[in-house]
Amino acid sequence: MFKESSHGFRPKRSCHTALEKIRYWAGTKWFIEFDIEGYFDNIDHKILMELLEKKIDDVKFLNVIRKMLRAGYVEDWKFHNTYSGTPQGGIVSPILANIYLHELDCYVDTLIADFNKGKARHINPEYAKVKQQARQTSKKIEQETNTVKRATLLEQKKVMQRRKLEIPSQDQHDPDFRRLRYCRYADDFVLAAICSKSEAEDIYRKISVFLKDQLKLNVSQHKSGLKHSTEAIRFLGYDITIRHSDRIVKGIVYGQHYKKRSIAALIRLNIPETKLKGFADRLGYGNWETLEATSRPALSHLSDAEITLHYSAEMRGIAQYYALANNFATLGKLRILWIQSYLVLTNFSDH
């Protein structure tokens, strides 16, 4: 019953499937970010049970869930009641969290259905005008027999072709074309919109009100909001940016050479350098800035084989997680520090 937009805690779904979906959000103008304050601690028990009762007709089973939610916890030998939230580490907590935010998924689907319109953007009038002029000039070139006039027409056509490559072929502010996209992993979710800023702000307000009124969840004002496509957003540990490129590429079809613009406004998934630095600092590889490695005394009692397995597992883990990154090569710097740290430790162990 869960929506396609939901990727957390589900079979054959992961952070990677969520990011792969976002990779195809080309043309995005606005990112709409949300951060829910203490989501797992603030799930309303009454609302959650009502949602479960809609689909589960088993009173005994529902009572088990209800008692689990109200079981309380012990801290410093003192018992505390639980009035909201799901048990941390509880094996059923992830699916309960998904069921709770499934209501959000359904609501966003209705927003998308009402918001999206138009099959494609209209042709840019300026582009259409230049294209028509170039076509007419081509006909004149075919009919012209005078060498001088023909050379002049050819030069005019080249100017028009260059102009075509400089201006967008479609109307980037087409009022009859709108798109809204949505992706959620657990309590992390983001939307991408092709629309005006005021429309994107309206979407942000509607979702914030829905979370507050229907699910009793508060949106963090400091970590949520709108970002233009020229800015990066952080989602699931990746920096998501839009690539804007005016690069001209050459091609050949059936022996005919041509030029065209490279595809612009594509999504890029990048590894944040702060993540790599934090990884190196947390594991004690050494100084990220100077690439000066340090030993790790906590591993010095292990054999060289065990140290090798330990280091390999660490590097393999981060490399596999960031396998989708467009700037995957930036892991090279971490790899240098990783190797140096390993050598320092193994030499230390030998002594």
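**Terms and their grounds**

Author: The crossing of helices H5 and H6 is left-handed. The model is a predicted one.

Reader: Why are H5 and H6 called roughly antiparallel?

Author: Helix H5 (residues 125–143) and helix H6 (residues 147–166) pack at an angle of about 160°. Angles over 145 degrees count as roughly antiparallel, and H5 and H6 are therefore described that way. Their axes are 9 Å apart.

Reader: Which residues of H5 and H6 make the contact?

Author: On the H5 side they include Tyr127, Val130, Ala134 and Ile141. On the H6 side, Leu153, Leu154, Lys157 and Met160 are among them. By class, the contact of H5 with H6 has seven nonpolar, three polar and eight charged residues.

Reader: What makes H4 and H7 roughly antiparallel?

Author: The axes of H4 and H7 cross at roughly 150°. The cut-off for roughly antiparallel is over 145 degrees, so the term applies to H4 and H7. Their axes come within 11 Å, and H4 passes H7 in a right-handed crossing.

Reader: Why is the pair of Asp109 and Lys3 called a salt bridge?

Author: The closest N and O atoms of Asp109 and Lys3 are 3.4 Å apart. A salt bridge needs a side-chain nitrogen of Lys or Arg within 4 Å of a carboxyl oxygen of Asp or Glu, so the pair of Asp109 and Lys3 qualifies. Asp109 lies in helix H4 (residues 93–115) and Lys3 in the segment before helix H1 (15–22), so the pair ties together parts that are 106 residues apart in sequence.

Reader: Are Asp109 and Lys3 buried, exposed or partly exposed, and what are their values?

Author: The relative accessible area is 30% for Asp109 and 26% for Lys3. Buried means under 20% and exposed over 50%, so Asp109 is partly exposed, and so is Lys3.

Reader: How do you know that Arg184 and Asp105 form a salt bridge?

Author: Their closest N and O atoms are 2.8 Å apart, and the limit is 4 Å. Arg184 lies in strand E4 (residues 179–185) and Asp105 in helix H4, so this bridge joins parts that are 79 residues apart in sequence. Both Arg184 and Asp105 are buried.

Reader: What makes His102 buried?

Author: His102 has a relative accessible area of 11%, and buried means under 20%. His102 is found in helix H4. Leaving aside neighbours within four places in sequence, His102 is in contact with Met1, Phe2, Lys3 and Arg184.

Reader: Why does the pair of Arg205 and Asp202 count as a salt bridge?

Author: The closest N and O atoms of Arg205 and Asp202 are 3.8 Å apart, and the definition asks for within 4 Å. Arg205 and Asp202 are three residues apart in helix H7 (residues 197–215), so about one helical turn separates them. Salt bridges that share partners join Asp202, Arg205 and Lys206 into one network.

Reader: How many salt bridges does the structure hold?

Author: The structure holds 15 salt bridges.

Note on methods. Residues numbered from 1 in each chain as written. Predicted model: local features only at pLDDT ≥ 70, side-chain atom pairs only at ≥ 80, totals over all residues. Heavy atoms only, no water. Helix = DSSP H or I, 4+ residues; strand = E, 2+ residues; numbered from the N terminus. Buried < 20%, exposed > 50% of the residue type's maximum accessible area, 1.4 Å probe, protein only. Contact = heavy atoms within 4.5 Å. Axes fitted to C-alpha atoms, helices over the stretch in contact; angles between N-to-C directions. Parallel < 35°, antiparallel > 145°, perpendicular 65-115°, else oblique. Left-handed = near helix turned anticlockwise from the far one by under 90°. Nonpolar A, V, L, I, M, F, W, Y, C, P; charged D, E, K, R; others polar.
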